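Q: I have a structure open and would like to go through it piece by piece. Can we start with the open spaces and then move to the helices?

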Amino acid sequence: MADTVAHSLGPIFLSASVPLPGRGQVYLSTANILGIREAVAALTVVVLPTDRLVFGGHPAISPLVHLAAERLGAADRVYIYQSAFFQSVIPPSSLRFRHIIWTPPGVDRSSSLLRMREQMIGSEDFRAGVFIGGMDGVEEEFELFRRHHPKAALLAVASTGAAARVIFDREPWGVKDVGLKFDAAYASLFRRLLSRAAGSTPPPAGLPPLRGP
């Protein structure tokens with residue numbers, strides 16, 4: 001089977017970043033940098049042949065998504081959100097995307113990020129959000145996403161460590177899949193979980209059900 005979702009799920013939300021020194025030891029202590037990169041690339045390959053991918057630009061993540069999308073010939077299906085507050089420091093890699101949505105700046109960095117995240121997460125009727133690595137921003141986007149899309153599948157990829165691991169560990173069993181913690185074959189993992197969220201694949205025997213439709 002090709003590494004794509006069997007049936008279209010609609011747009012998928014991605015929240016991901018690579019932890020930086022000085023931004024919280026809790027994220028750095030478990031961060032799996034190679035896993036973050038592989039998971040982002042695999043998600044892009046799985047989603048883009050059938051659906052759109054929406055995310056907020058991050059210097060370590062945007063080039064991965066762009067490269068995979070161009071190789072697939074599916075760059076038109078990627079939508080990247082950026083706050084105008086950071087317009088003067090946006091790296092060139094983020095400006096290569098065909099669909100860049102600029103959100104108005106707030107009075108400071110924090111309010112600008114919140115405005116961007118709320119507009120981005122509220123932009124679509126998402127049925128799944130995927131959370132990879134990251135720091136406090138990924139945790140904030142997880143909570144915003146859950147509030148805006150209470151019936152959507154929430155996939156915190158704990159094997160990539162950092163914020164995704166923090167989110168996974170605090171969520172109760174019954175709303176998460178054990179594969180998110182132990183399965184590093186990311187393409188097959190995403191294909192299975194997103195197909196299940198689309199209603200095309202029953203959950204494997206012995207695994208707790210995934211939250212979602």
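Q: How much space lies in the largest pocket?
A: About 680 Å³. A pocket here is an open set of points on a 1 Å grid over the protein atoms alone, where a 1.4 Å probe fits, with protein on both sides within 12 Å along at least five of seven lines. This is a predicted model, where local features need pLDDT of at least 70 and side-chain atom pairs count only at pLDDT 80 or more, while totals for chains, interfaces and linings use all residues. Residues are numbered from 1 along each chain as its sequence is written, and side-chain values use heavy atoms, leaving out hydrogens and water.

Q: OK, new topic. Is α9 mostly covered or uncovered?
A: Mostly covered: 10 of the 12 residues of α9 are buried. Buried means under 20% relative accessible area, exposed over 50%, and partly exposed in between, with a 1.4 Å probe and protein chains only.

Q: What covers those buried residues?
A: The cover of α9 includes β1 (12-17), α2 (33-47), β5 (128-133), β6 (153-157) and α8 (179-182).

Q: Which residues have the most contacts inside the largest nonpolar core?
A: Leu-14, Val-65, Ile-132, Phe-190 and Leu-194, in a core of 63 residues. Such a core is a set of buried Ala, Val, Leu, Ile, Met, Phe, Trp, Tyr and Cys residues joined through side-chain atoms within 4.5 Å. Phe-190 and Leu-194 are also among the buried residues of α9.

Q: What does Leu-14 touch?
A: Not counting residues up to four places away in sequence, the contacts of Leu-14 include Val-40, Leu-43, Val-65 and Ile-132. Contact means heavy atoms within 4.5 Å.

Q: Which way does phi go at Ala-162, positive or negative?
A: Positive, near 60°. Most residues other than glycine have a negative phi. Ala-162 lies in helix α7 (residues 162-170).

Q: Why does Ala-162 count as buried?
A: Because its relative accessibility is 0%.

Q: And why does Gln-25 count as exposed?
A: Because Gln-25 has 58% relative accessibility. Gln-25 is found in helix α1 (residues 25-28).

Terms used. Helices (H or I, at least four residues) and strands (E, at least two) are DSSP runs, numbered from the N terminus. On a 1 Å grid over the protein atoms alone, a cavity is a set of points where a 1.4 Å probe fits but cannot get out, and a pocket is an open set with protein on both sides within 12 Å along at least five of seven lines; lining residues have an atom within 4 Å of a point. Grid points are joined across faces, edges and corners, and a volume is the space filled by probe spheres set on the points.
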